[in-house]
Structures are given as structure tokens and as C-alpha cells.
Amino acid sequence: MKRIGIIICDRYNTCNGGKCFRAVRERDGAFKKYGKEEVEVIGYSTCGGCPGGNMEYVATGMKNYGADIIHFATGMLAGYPPCPYIDVFKDHIEKNIGVKVEIGTHPMPTNYILNHENIQDIPSKHKSYWKILTNPDDAKKYDSSRANYNEELEVELEKQ
Ligand code: SF4
């Protein structure tokens with residue numbers, strides 16, 4: 001059993017979390033690594049807005065509620081510009097709070113990747129975090145603008 005917390009970029013503080021929670025259930029994106037292991041989401045919150053004033057508080061709280069791992073949501077990478085503090089937050093949470101951090105949750109949209117690959121405006125450090133999030137088939141599954149998106153989701157949910 002792994003207990004995880006999810007921290008999102010506050011630019012998306014009204015996000016319903018649907019993609020992150022679906023990716024947990026489906027073991028997609030950054031959650032693939034858990035395979036068949038049971039996963040419980042023990043907390044979901046935001047960084048509090050630039051420059052992340054809620055990070056220490058929320059990560060400490062997640063640790064107190066049993067988090068083994070904290071995931072930074074994909075929106076920290078896939079919103080433009082990507083969060084400039086990702087490595088600072090990760091270092092602080094791992095070294096000072098004592099919880100491992102993984103970068104990413106659900107798969108990244110392929111059009112975002114192609115667009116920014118083309119413009120070449122993403123720092124290489126951030127791009128190194130893309131790897132586990134850029135499977136085009138997984139990304140397609142999460143693209144709610146597709147015509148048959150709802151039908152596919154219904155089938156997926158009926159299998160639960
Ligand atoms: S860019 Fe970073 S610090 Fe700013 S709101 Fe998003 S996650 Fe928080």
C-alpha cells in the first residue's frame with residue numbers, strides 16, 4: 001500500500017482534479033509505477049500561489065496524515081511557464097520534511113509537448129521530467145475534446 005499526497009499549481013486552484021484522480025485509478029502517467037499495488041490518496045491541495053507559500057505547510061500536513069510520496073501535479077510542468085520552483089520545492093520536502101517527491105500525475109497533452117518542442121522554450125531540466133508523462137496513447141485517452149471521449153470513459157468506469 002502506498003499513501004500519496006497531490007500538490008497542484010495554484011494557477012489551477014479551481015481544477016476539479018478529475019485527470020489526477022483518474023490517472024491514479026488507471027495507473028497512468030506518473031502512477032504507472034505503482035502497478036497493482038494499492039494506492040490511497042490522503043490529501044490534495046495547492047502550493048498556495050507563487051512563490052509557493054503553502055508548500056511547507058501542506059507537505060508537512062500530508063506527512064502527518066501518512067503520505068509516503070507526494071506527487072506534484074502535471075500542471076506544474078504543463079502550464080506555461082512551467083513552475084520555476086519545482087526543484088526547490090522537491091529538495092525542501094525531501095530533505096527537510098522527509099517525504100519523497102515525484103514530479104507529475106496524469107499524462108501531458110501531446111499538443112502542448114509538440115508546440116513547446118517546436119518553440120524550444122522549455123528548460124532542459126523541466127523536459128527531463130516529461131519522460132514518464134508523454135505517452136501519446138495515454139495523452140489521447142485524457143483528451144476530453146475527442147468525439148468519443150465520454151463513451152470510452154463510460155466503458156472504463158463500468159469495468160470498475
Ligand atoms: S508556478 Fe509554482 S509557485 Fe507558482 S503557483 Fe504554480 S506551482 Fe505555485
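**Overall build**

The model is a predicted one, and the protein in it has eight helices and four strands. Followed along the sequence, these elements come in the pattern β-α-β-α-β-α-α-β-α-α-α-α. The radius of gyration is 15 Å, close to the 15 Å that the globule rule gives for 160 residues, so the protein is as compact as a globular protein of that length. Along its principal axes, the C-alpha trace spans about 45 × 40 × 25 Å.

In soluble globular proteins, nonpolar side chains tend to be buried together. Here the largest nonpolar core has 33 residues, and those with the most contacts inside it are I7, I70, A73 and L77. At least two residues of this core come from each of β1 (2-8), α1 (18-26), α2 (55-64), β3 (69-72), α3 (75-78), α4 (86-97) and β4 (100-103). Once neighbours within four places in sequence are left aside, L77 is in contact with P82, I103, G104, M108, H126, Y129 and W130.

**Helix α2**

Which residues of α2 are buried? They are M55, V58, A59 and M62, and, seen down the axis of α2, the buried residues fall within an arc of 95°, so they line one face of the helix. An α-helix has 3.6 residues a turn, so residues three or four places apart point the same way. The buried residues of α2 are covered by elements that include β1, β2 (39-46), β3 and α4, whereas the face turned away from the buried side carries the exposed residues Y57 and N64. Just after α2, G66 takes a positive phi of about 100°.

**Two residues, I6 and K63**

I6 lies in strand β1, while K63 has its place in helix α2. I6 has 24 other C-beta atoms within 10 Å and is therefore buried, the cut-off being 20 or more.

| Pair | Apart in sequence | C-alpha to C-alpha |
|---|---|---|
| I6 and P107 | 101 residues | 15 Å |
| K63 and I93 | 30 residues | 9.8 Å |

**Around the ligand**

Which residues surround the ligand? The ligand is surrounded by C9, D10, R11, C47, G49, C50, P51, G52, M76, C83 and Y85. Sorted by class, the shell around the ligand holds seven nonpolar, two polar and two charged residues.

Technical notes:
Residues numbered from 1 in each chain as written. Predicted model: local features only at pLDDT ≥ 70, side-chain atom pairs only at ≥ 80, totals over all residues. Core = buried A, V, L, I, M, F, W, Y, C linked by C-beta atoms within 7 Å. Buried ≥ 20, exposed ≤ 12 C-beta atoms within 10 Å, placed from the backbone. Contact = placed C-beta atoms within 7 Å. Near = placed C-beta within 6 Å. Nonpolar A, V, L, I, M, F, W, Y, C, P; charged D, E, K, R; others polar. Arc of directions from axis to C-beta. Rg over C-alpha atoms; globule rule 2.2 N^0.38 Å.
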